[in-house]
Amino acid sequence: MSGKLVVRIAELEIEPAQLETYRLLLTEEIEAAIALEPGVLSLNAVSIKDSPHKIRLLEVYANQMAYEAHLQTPHFLKYKNATAGMVTTLRLIDVDPIIMGGKP
């Protein structure tokens, strides 16, 4: 794998009534990304700030091309469309891989 790692953190706030449905869709997206895409090194989600409806996603891709390819996969598009009405806040953060302990 060549190129600089792409590391993104997304912080989302989910409508509380939609939380379980969102978690199921997110689990499917994570499993599909790990199983089908060799350029996705990791894709994880954790609740933050002791608030179950606030989720932080950590995505690490082998390079920019792998990241852009992931955004076009059928399972990502399904996840994105299905969860559009569940997310009340979305903030994307690009992180330098060196800060994360990775190597460019």
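Mentor: Start with confidence. The protein averages a pLDDT of 85, and 89% of the residues score at least 70. pLDDT is the predictor's confidence in each residue, from 0 to 100. This is a predicted model, so local features need pLDDT of at least 70, side-chain atom pairs count only at pLDDT 80 or more, and totals for chains, interfaces and linings use all residues. Residues are numbered from 1 along each chain as its sequence is written, and side-chain values use heavy atoms, with hydrogens and water left out.

Trainee: Why does low pLDDT matter?

Mentor: Where pLDDT is low, the predicted coordinates should not be read in detail.

Trainee: Where is confidence lowest, and where is it highest?

Mentor: The lowest is strand E2 (residues 40-48), at a mean of 86. The highest is H3, at 92.

Trainee: What makes a stretch a helix or a strand here?

Mentor: Both are DSSP runs, numbered from the N terminus: helices are H or I with at least four residues, strands are E with at least two. The protein has three helices and four strands. Their order from the N terminus is β-α-β-β-α-α-β.

Trainee: How much of the protein counts as buried?

Mentor: Of its 104 residues, 39%. Buried means under 20% relative accessible area, exposed over 50%, and partly exposed in between (1.4 Å probe, protein chains only). The accessible surface comes to about 6,300 Å², and 58% of that belongs to carbon and sulfur atoms. Areas come from the Shrake-Rupley method with a 1.4 Å probe; for residues, only the protein chains shown count as cover.

Trainee: Why is Glu11 called buried?

Mentor: Its relative accessible area is 12%. The cut-off is under 20%. So Glu11 counts as buried. Glu11 lies in strand E1 (residues 6-14).

Trainee: What polar contacts does the Glu11 side chain make?

Mentor: One is with the side chain of Arg56, at 2.6 Å. Another is with the side chain of Arg91, also at 2.6 Å. A polar contact is a pair of N or O atoms within 3.5 Å; within protein, one must be able to donate a hydrogen and the other to accept it, and residues adjacent in sequence count only if both atoms are side-chain atoms.

Trainee: Which residues does Glu11 touch?

Mentor: Not counting residues up to four places away in sequence, Glu11 touches Ile48, Ile55, Arg56, Thr89, Leu90, Arg91 and Ile93. Contact means heavy atoms within 4.5 Å.

Trainee: Why do the buried residues of H3 line one face?

Mentor: In helix H3 (residues 74-83), the buried residues are His75, Phe76, Tyr79 and Thr83. Seen down the axis, they fall within an arc of 100 degrees, so they line one face of the helix. The arc is that of the directions from the helix axis to the C-beta atoms. Pro74, Lys78 and Asn81 are exposed, on the face turned away from the buried side. Cover for the buried residues includes helix H1 (19-36), strand E3 (51-61), helix H2 (64-70) and strand E4 (87-95).

Trainee: How many aromatic pairs are there?

Mentor: Three. Rings of Phe, Tyr and Trp (its six-membered ring) pair if their centres lie within 6.5 Å; planes under 30 degrees apart count as stacked, over 60 as edge-to-face and the rest as tilted.

Trainee: What makes the pair of Tyr61 and Tyr67 edge-to-face?

Mentor: The centres are 5.1 Å apart and the planes 65 degrees apart. The edge-to-face class starts over 60 degrees. So the label holds.

Trainee: And what makes Phe76 and Tyr79 tilted?

Mentor: Their values are 6.2 Å centre to centre and 50 degrees between the planes. Ring pairs link Tyr22, Phe76 and Tyr79 into a cluster.

Trainee: Why is Leu92 called partly exposed?

Mentor: Its relative accessibility is 49%. Exposed needs over 50% and buried needs under 20%. So Leu92 counts as partly exposed. Leu92 lies in strand E4. Leu92 and Ala10 are 82 residues apart in sequence, yet 4.5 Å apart in space, C-alpha to C-alpha.
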